[in-house]
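Reader: I'd like to learn how to read a model like this one. Could you walk me through it, feature by feature?

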Amino acid sequence: MNPFGRPSPIRCVSKKAKQQKPSERINEIALPRLIHAEYQPPRPSYTNVSVAAQNANLTSRMKVLAQCKQVGSKACETWDWCACEVFISGAARKAQASDHLLALAEPKALPSAYRPNRLVVWPVKPTAMQVVATSRTEELCRPKLGLIIDDMHDPYKVSTSTLNAQPSQRIEELARPLPRKTSNRKK
C-alpha cells in the first residue's frame, strides 16, 4: 500500500521475466530518439551587457526620467483625488452639444418583442399543483441501486489471463511504426 491508502499499480516482476532476453522490437523501442539535425537549444533568458553600456555615463535627461513621479505634497494614503487642481478652459466649460451629438448619445430603443426577465419567485398555477406523476415518472425518479463497492477491491490488480495474453499477428503488425516514419532513424 502506498501512503495515500490506495494499492500500488506497481506489481512484482518474476525472476524469469527479469532474465528474459528482449526481442528485436523491444530493443527498437528502447532506442533513444535522435535530435533533429537543425535543432537549436533555446537562448538563455539573461543577456550579456556590453562593456561600453556598463561604462556609459547618464545624461541629464536620463536622470530626470529615472526619478519618481511627484504626485503632491500629501502622502498617497491620504491623497484626495477630487482635490486635484485640473485646468479646464472656460470655452470647454461653456460648450454646448450639437443636435447630432445629442441624437448619438440617446440609448437604443428596446425591440418590440422584448420581454423583461421573470422574477426569481413566480406563482404556480393551480392546475400545475394538482398534476399527479405517472408511474413511469416515479420510476425514473427513483435512484438506481448500484453494486455495493467493496473496500477490499484493488483497482490496479491485473488478472493472470491478461498478463499471459499474446497479441495476434495482425495486432503486432498494426503496432509497428510505419516504415516511412522510421526510415531516417539510425539502427
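This is a predicted model: local features need pLDDT of at least 70, side-chain atom pairs count only at pLDDT 80 or more; totals for chains, interfaces and linings use all residues.

Reader: Fine. How many helices and strands does the secondary structure come to?

Author: Helices (H or I, at least four residues) and strands (E, at least two) are DSSP runs, numbered from the N terminus. Here you get 11 helices and zero strands, so the pattern along the sequence reads α-α-α-α-α-α-α-α-α-α-α.

Reader: And what percentage of the residues count as buried?

Author: Buried means under 20% relative accessible area, exposed means over 50%, and partly exposed is in between (1.4 Å probe, protein chains only). In this protein, 1% of the 187 residues count as buried. The accessible surface of the protein comes to about 20,600 Å², with 58% of it belonging to carbon and sulfur atoms.

Reader: Which residues make the nonpolar surface patch?

Author: Patch members have over 30% relative accessible area and no salt bridge; like charges are joined within 9 Å, and nonpolar side chains (Val, Leu, Ile, Met, Phe, Trp, Tyr) within 5 Å. Here L58, M62 and L65 make a nonpolar patch of about 320 Å². L58 is found in the loop between α3 (51-54) and α4 (60-66).

Reader: Why does L58 count as exposed?

Author: Because its relative accessibility is 56%.

Reader: Next, salt bridges. What is the count?

Author: A salt bridge is a side-chain nitrogen of Lys or Arg within 4 Å of a carboxyl oxygen of Asp or Glu. By that rule there are three salt bridges. One of them joins E28 to R25, with the closest N and O atoms 3.8 Å apart. Both residues lie in helix α2 (residues 24-30), three residues apart, about one turn of the helix. E28 is partly exposed because its relative accessibility is 30%, and R25 at 23% is also partly exposed.

Reader: Where do E139 and R136 sit, and how far apart are they along the helix?

Author: They belong to helix α8 (residues 135-141), and being three residues apart, they are separated by about one helical turn. With relative accessible areas of 44% for E139 and 49% for R136, both count as partly exposed.

Reader: And R170 with E173?

Author: That salt bridge is 3.1 Å, N to O. R170 and E173 are three residues apart in helix α10 (residues 169-175), so about one helical turn separates them. E173 is partly exposed, at 47% relative accessible area.

Reader: What about rings: what sits over the ring of W122?

Author: A charge sits over a ring if NZ of Lys or CZ of Arg is within 6 Å of the ring centre and within 35 degrees of the ring normal. The charged end of R118 does this with W122, 4.0 Å from the ring centre.

Reader: Last one: how many disulfides are there?

Author: A disulfide is a pair of cysteine sulfur atoms within 2.5 Å, and the count here is zero. As for individual cysteines, C68 is exposed at 69% relative accessibility, and C141 is exposed at 61%.

Definitions and conventions
Residues are numbered from 1 along each chain as its sequence is written. Side-chain values use heavy atoms; hydrogens and water are left out. Accessible areas come from the Shrake-Rupley method with a 1.4 Å probe; for residues, only the protein chains shown count as cover.
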